[in-house]
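Please keep the sequence and the structure in view while reading the points below.

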Amino acid sequence: MTKSRQPSPDPSAPLLVPSGAGWLPHGYHLDPHTHNAGQLVYAAAGTLATTTERGTWVAPANRVTWTPPGFAHGHRFYGRTDVRLLTIPVELCGDLLPYPSVSAVSPLLREAVLALTADRPEARPGARQRLLGVVIDELSDSTEQSLHLPEPRDDRLRAVTDLLHADPARPATLTELGRVAGASERTLSRLFHTELGMSFHRWRTILRIHHALAHLTNGMSVTDTAVTCGWSNPSSFIDAFNEVVGQTPGSYQANLRNSAAAA
């Protein structure tokens, strides 16, 4: 990623600079890769999805993605995205979670990340290291707010989740999906809890929220997004979105517009 804050002309090209800032076009993606150090990825505008073998995390502009050293991961960006990459030295990673996660972005954390990824010289010796310490402190105190969508290993459960990935708005019940997967509703319900740590309803809601974030970032209206992603009416979509993301769909889109206008 260049520090000139210009979109890359090749959406499949890897990011060669471990820290910095850049505007990336909608749909830009990075294939799975690893880092020897830890990495924070923050979308100051737009939305990013980070995928590992443990599933997919989605981070809108009020959250930051953390990937510890050694975890294979890929990224996809939705909407024109002001992405900030910040490398965390290995010796500081022990103060953070040992697994990929998404955390809330406090005003102080946001400004520290923006400053550390800006293309400007260090004002005084040690200033960057001190500011990095602020980032670590803020992340250590931050509440994990994961839009994590775990993926199953069990073949029967994977058959069900594959159907829903292909059509998130599919209204089928777990019983109906079980007929396709060759498993009972009771078995699948147990597998959702034991393998994925959540109910079928919760997993499908988060899947739909992932798709809704992408549609909203790309300019789709709240009503059309609700219908496209499988909600029966906009109000139920707004309630679910607010509960999972922490803001309404309308507020999310307004923040996107404000961020783009300020860029």
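Two residues are taken to be in contact when heavy atoms of theirs lie within 4.5 Å. With contact defined in this way, residues 24 or more positions apart account for 70% of the contacts in the chain that have a separation of 6 or more. The model is a predicted one, and every value that follows was computed from it.

**Overall make-up**

- The secondary structure of the chain consists of ten helices and eight strands.
- Of the 263 residues in the chain, 46% are buried, where buried stands for a relative accessible area under 20%.

**Salt bridges**

- The structure holds four salt bridges, and three of them are described here, among them the pair formed by R202 and E243.
- R156 is joined to D154 by a salt bridge whose closest N and O atoms are 2.9 Å apart; on the R156 side the residue is partly exposed, at a relative accessible area of 34%, whereas D154 is buried, at 15%.
- In the salt bridge between R202 and E243, the closest N and O atoms are 2.8 Å apart. Because R202 belongs to helix α7 (residues 200-217) and E243 to helix α9 (residues 234-245), this pair ties together parts that are 41 residues apart in sequence.
- The two partners of that pair fall into separate accessibility classes, since R202 is partly exposed at 32% relative accessibility, while E243 is exposed with a relative accessible area of 51%, and the cut-off for exposed is over 50%.
- E111 and R110 also meet through their side chains in a salt bridge, with a distance of 3.8 Å from N to O. Here E111 counts as partly exposed at 47% relative accessibility, and R110 likewise counts as partly exposed, at 28%.
- E111 is located in helix α2 (residues 107-117), and its C-alpha atom is separated by 9.5 Å from that of V135, a residue 24 places away along the chain.

**Cysteines**

- How many disulfides does a search of the whole structure find? The search finds zero, a disulfide being, in general terms, a covalent bond between the sulfur atoms of two cysteines.
- C93 is buried, with a relative accessible area of 9%, and C229 is buried as well, at 1% relative accessibility.

**The largest pocket**

- The largest pocket has a volume of about 410 Å³, and its lining is made up of 21 residues, with A49, T51, T56, R76 and Y78 lying nearest the centre.
- Several elements take part in this lining, as β2 (29-33), β3 (38-52), β4 (55-59), β6 (73-88) and α7 each supply at least two residues.
- Which element gives the most to the lining of the largest pocket? Helix α7 does, with five residues.
- Sorted by class, the lining of the largest pocket comprises nine nonpolar, nine polar and three charged residues.

**H210 in helix α7**

- H210 lies in helix α7, and at 10% relative accessibility H210 counts as buried.
- Once its neighbours within four places in sequence are set aside, H210 is in contact with T56, V58, L147 and L149.
- T56, one of these contacts of H210, is also among the residues that lie nearest the centre of the largest pocket.

**Two loop glycines**

- G94 is placed in the loop between α1 (90-93) and β7 (101-104), where G94 is exposed, with a relative accessible area of 70%.
- Although G94 and G38 are 56 residues apart in sequence, their C-alpha atoms are 9.9 Å apart in space.
- G182 is found in the loop between α5 (174-181) and α6 (185-196), and G182 too is exposed, with a relative accessible area of 61%.
- G182 and D155 are 27 residues apart in sequence, and the distance between them in space, C-alpha to C-alpha, is 10.0 Å.

Terms used: Residues are numbered from 1 along each chain as its sequence is written. This is a predicted model: local features need pLDDT of at least 70, side-chain atom pairs count only at pLDDT 80 or more; totals for chains, interfaces and linings use all residues. Side-chain values use heavy atoms; hydrogens and water are left out. Buried means under 20% relative accessible area, exposed over 50%, partly exposed in between (1.4 Å probe, protein chains only). Helices (H or I, at least four residues) and strands (E, at least two) are DSSP runs, numbered from the N terminus. A disulfide is a pair of cysteine sulfur atoms within 2.5 Å. On a 1 Å grid over the protein atoms alone, a cavity is a set of points where a 1.4 Å probe fits but cannot get out, and a pocket is an open set with protein on both sides within 12 Å along at least five of seven lines; lining residues have an atom within 4 Å of a point. Grid points are joined across faces, edges and corners, and a volume is the space filled by probe spheres set on the points. Ala, Val, Leu, Ile, Met, Phe, Trp, Tyr, Cys and Pro count as nonpolar, Asp, Glu, Lys and Arg as charged, and the others, Gly among them, as polar.
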